[in-house]
Amino acid sequence: GKSGKAIAMVTQYDVEVYQRLEHLLGQKLPECKMAGEEEVLLLLERVNEAQRLATREVKEQLSTRDGNRRGRNKKYNDDGDGDGESAVRGEMKRGFYAGGSGGNG
């Protein structure tokens, strides 16, 4: 097969299992230092914004599918309580989400 690299995210709760793995492999695996907390928090803002935009795009696609061109469907209206996001997730699990930019880009 093809060779490559794998990255394992290890928390304080995973250390024992990770050490057992190193013992079974017979070698110590190299440590990769990650960014500091301040940098991660800056990136978190960008990730949250991207997630919000993606959720909005999915809701718009769902509200206009099946010829419903009148605008938003009340079922997917998100007034901040999270119900809109759960409806989107439910639709995605059922396979209604087409993905991408909906052919607009």
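## Secondary structure

The protein has three helices and zero strands. Helices (H or I, at least four residues) and strands (E, at least two) are DSSP runs, numbered from the N terminus. The order of elements from the N terminus is α-α-α.

## Model and confidence

This is a predicted model: local features need pLDDT of at least 70, side-chain atom pairs count only at pLDDT 80 or more, and totals for chains, interfaces and linings use all residues. Residues are numbered from 1 along each chain as its sequence is written, and side-chain values use heavy atoms, with hydrogens and water left out.

The mean pLDDT (the predictor's confidence in each residue, from 0 to 100) is 75 for the protein. A score of at least 70 is reached by 63% of the residues. Among the elements, α1 has the highest mean pLDDT, 92. Helix α3 (residues 83-93) has the lowest, 65. Residues 101-105 have pLDDT below 50. Beyond near neighbours in sequence, that stretch makes four contacts in the model.

## Burial and contacts

Of the 105 residues in the protein, 12% are buried. Buried means under 20% relative accessible area, exposed over 50%, partly exposed in between (1.4 Å probe, protein chains only). A contact means heavy atoms within 4.5 Å. Of the contacts with a separation of 6 or more, 46% join residues 24 or more positions apart.

## Salt bridges

Side chains of opposite charge can pair when their charged atoms come close. The structure holds two salt bridges, each a side-chain nitrogen of Lys or Arg within 4 Å of a carboxyl oxygen of Asp or Glu.

Glutamate 49 is partly exposed, at 36% relative accessibility. Arginine 52 is also partly exposed, at 45%.

## Largest pocket

The lining of the largest pocket has 17 residues. Ala8, Tyr18, Pro30, Glu31 and Cys32 lie nearest its centre. A pocket is an open set of points on a 1 Å grid over the protein atoms alone, where a 1.4 Å probe fits, with protein on both sides within 12 Å along at least five of seven lines; lining residues have an atom within 4 Å of a point.
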